[in-house]
Amino acid sequence: MDRMGFFSSQFADVVEWEEFREDMIFWKWTNNEVKKGSRLIIRPGQDAIFINNGKVEGIFEDEGEYDIESEIVPFLSTLKGFRFGFNSGMRVEVLFVNTKEFTVKWGTQNPINIPAPQLPGGMPIRANGTFQFKVSDYVGLIDKIAGVRNSYVVDDVKIRITAILDQLLMRWITKEGKDMFNLQANAHEIGQGIQDDLNMQLMDDGMKVTGFQVMSFNYPKEIQDMINKSASHGMVGDVAKYQQMSVADAMGKSSGSNTASDMAGMMMGMNIAKEMMDDQKESSAGSQENTAGAGSGDSAAQSDGSEKTVPKFCPNCGQKNEGAKFCPNCGQKLG
């Protein structure tokens, strides 16, 4: 029996991240010794960091399969002179790091009371959104986290961030929220400020927040109803425009999706508009005749105000008129 072949196969190891998880930030291979004949496997989206006594010996970023003795050891910083013995290995740890950018959903678990002049007790607001982060500094990551932990997942970062998120939201909403009843208008500025503060928190841990978004702010029902009512009032501030929109909307609803109905509705609208224009022309012509008659001494036309032409349709809202001097729909003076 080949004793050398027996021990070579017995001590051969594969150094790899076997149970790779998408939500895991790093995982540490800790089998005490890298044996003679061991191979290193780096998969896409992974970096492998060799650590000896807490010190980074080498960082390997290219995916592939490598013979550790011939392809890895020569590139390690302080272990270049190391030689594998017949029955010994190399004491080293290998930290596998997930290099992708992680996206995390966040949301306030409890309402945040934002100071508001209109509300003495403050305005309770909830918010939600997403943030992104990635590992940016391996030395910091090893010094602060990987030195004492064998793995680290996204939820660990999320717990840390949500612990300080409420106070950051209060700070930046108060600073950048120009309109407390329309915070979404300043959501970008609020998110950018929070991102900068979170970066200061995670920088020493070797991680960087690459983005922070506030998707929505949620007000108490009473406040939201008031905002909706205020928006409705603003939309109907121009009564004439509101009436025109209502007529158009009613025509659209009555026409449905039938093409013939759509055409009929469009023609009806065009006919109404034409009659209104013709009526306005008639009114203008009658006014000019009255003016001419007054200039020529026609006192009868001047004294008889009832002869003034009354339009068939209200020029303000389009309501058909049966000879009244005031529109029965909007009150516009017609005669």
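Me: What should I know about the model before we start?
Reply: It's a predicted model, where local features need pLDDT of at least 70 and side-chain atom pairs count only at pLDDT 80 or more, while totals for chains, interfaces and linings use all residues. Residues are numbered from 1 along each chain as its sequence is written, and side-chain values use heavy atoms, with hydrogens and water left out.

Me: Why is the pairing of arginine 39 and glutamate 65 called a salt bridge?
Reply: The label needs a side-chain nitrogen of Lys or Arg within 4 Å of a carboxyl oxygen of Asp or Glu. Here the N to O distance is 2.7 Å, so the pair passes. Glu65 and Arg39 also belong to a network of salt bridges with Asp67. The whole structure has 10 salt bridges.

Me: What makes arginine 39 and glutamate 65 a tie between separate parts?
Reply: Arginine 39 sits in strand β4 (residues 39-42) and glutamate 65 in strand β7 (residues 64-67), so the bridge joins parts 26 residues apart in sequence. Helices (H or I, at least four residues) and strands (E, at least two) are DSSP runs, numbered from the N terminus.

Me: How do you know whether arginine 39 is buried, exposed or partly exposed?
Reply: Buried means under 20% relative accessible area, exposed means over 50%, and partly exposed is in between (1.4 Å probe, protein chains only). Arginine 39 has 29%, so it is partly exposed. Glutamate 65, at 47%, is partly exposed too.

Me: What about arginine 160 and aspartate 205: why does that pair count as a salt bridge?
Reply: The closest N and O atoms are 1.9 Å apart, so the pair meets the salt-bridge cut-off. Arginine 160 lies in helix α4 (residues 154-176) and aspartate 205 in the loop between α5 (187-202) and β14 (207-218), so parts 45 residues apart in sequence are tied together. Arginine 160 is partly exposed at 31%, whereas aspartate 205 is buried at 8%.

Me: What makes a group of residues a nonpolar core?
Reply: They must be buried Ala, Val, Leu, Ile, Met, Phe, Trp, Tyr or Cys residues, joined through side-chain atoms within 4.5 Å. The largest one here has 47 residues, and Ile25, Phe26 and Ile194 are among those with the most contacts inside it. Helix α4 gives the most to this core, with nine residues. Apart from it lies another core of 21 residues, including Leu40, Ile72 and Met90.

Me: How do you know methionine 90 is buried?
Reply: Its relative accessible area is 1%, so it falls under the buried cut-off. Methionine 90 belongs to strand β8 (residues 90-91).

Me: What is isoleucine 194 in contact with?
Reply: Contact means heavy atoms within 4.5 Å. Leaving aside neighbours within four places in sequence, isoleucine 194 is in contact with Leu165, Leu168, Leu169, Trp172 and Phe212.

Me: Last one: why is asparagine 53 called exposed?
Reply: Its relative accessibility is 77%, so it clears the exposed cut-off. Asparagine 53 is in the loop between β5 (46-52) and β6 (55-60), and it has a positive phi of about 55° although it is not a glycine.
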